[in-house]
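Student: Please walk me through this structure and show me how to read its main features.

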Amino acid sequence: TLLMSQDYAQEYAELAAAQKAGKPRTALTVAEAFYAKAVKAGDHDHAVKALAHRLTYLGEVEENGRDAAIRLLHAELANAPNQTVISPILHYMLGSSYYNYARQNSYRLRNTPAATTDSVPPAARPLEDWNLQQLKDAAESHLYQALDLARSQKTTLATIPAIVSGDNERINERPTLYDLLARKSLSLLSSPLLTVTDPEVP
């Protein structure tokens, strides 16, 4: 299939084997090498798939997987702030991560003062130290940056088949990466959590 190109068949097989054997650290090592290989080759769609595996297994091996994932996304974004395909998806992943954390912890966050007064705290700051407004601001910033980059890059989904798994219907409905990210981002940006000064969960 398009998803399993010959060039990365070994990497996908090694990931599947490590997962089946219950070895997340091995899988993480494979995913890291896979990501580096795909980025170097310019295979952005497979790089994104490898990144998703890295995030999954990082969450399994780190005590605080969510914070570790945030740090990883920021580190990769710093390495390639304008990388085709990868950078807008990194921004989207960050925006959705901040949004989801805010949604899942909204009650506690509304009743707990933040540990920092920064408008948006540094990426290394644990999420439990943030308040709801700071998470809202970070989520909005990254989601809008994702859309701005995707709009300027004009990448068609047909050129990144691993991301859409050869789904022709999806490609026809949303032919560019911008279309895909816009649909996903706008559902978050239109949420009451991100549309009022005192964010609330619907």
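Student: In what order do the elements run from the N terminus on?

Tutor: They run α-α-α-α-α-α-α-α-α-α-α, with 11 helices and 0 strands in the protein. Helices (H or I, at least four residues) and strands (E, at least two) are DSSP runs, numbered from the N terminus. This is a predicted model: local features need pLDDT of at least 70, side-chain atom pairs count only at pLDDT 80 or more, and totals for chains, interfaces and linings use all residues. Residues are numbered from 1 along each chain as its sequence is written, and side-chain values use heavy atoms, leaving out hydrogens and water.

Student: What percentage of the residues is buried?

Tutor: Of the 202 residues in the protein, 45% are buried. Buried means under 20% relative accessible area, exposed over 50%, and partly exposed in between (1.4 Å probe, protein chains only).

Student: How do I read the nonpolar core, and which residues touch the most other members?

Tutor: In soluble globular proteins, nonpolar side chains tend to be buried together. A nonpolar core is a set of buried Ala, Val, Leu, Ile, Met, Phe, Trp, Tyr and Cys residues joined through side-chain atoms within 4.5 Å. The largest one here has 58 residues, and Leu51, Tyr98 and Leu135 touch the most other members. Several helices give two or more residues to this core, including helix 1 (9-20), helix 2 (24-41) and helix 7 (132-153). Helix 5 gives the most, with 10 residues.

Student: Which residues does Tyr98 contact, leaving aside its neighbours within four places in sequence?

Tutor: Tyr98 is in contact (heavy atoms within 4.5 Å) with Ile70, His74, Leu127, Trp130, Leu135, Ala138, Ala139 and His142.

Student: How many aromatic pairs does the structure hold?

Tutor: A pair of aromatic rings is described by the distance of the centres and the angle of the planes. Rings of Phe, Tyr and Trp (its six-membered ring) pair if their centres lie within 6.5 Å; planes under 30 degrees apart count as stacked, over 60 as edge-to-face and the rest as tilted. The structure holds 3 such pairs. The ring centres of Tyr12 and Phe34 are 5.1 Å apart and the planes are at 80°, so this pair is edge-to-face. Tyr12 lies in helix 1 and Phe34 in helix 2, so the pair ties together parts 22 residues apart in sequence. Phe34 is buried, at 0% relative accessibility. Tyr98 and Trp130 are stacked, 5.0 Å centre to centre with 25° between the planes.
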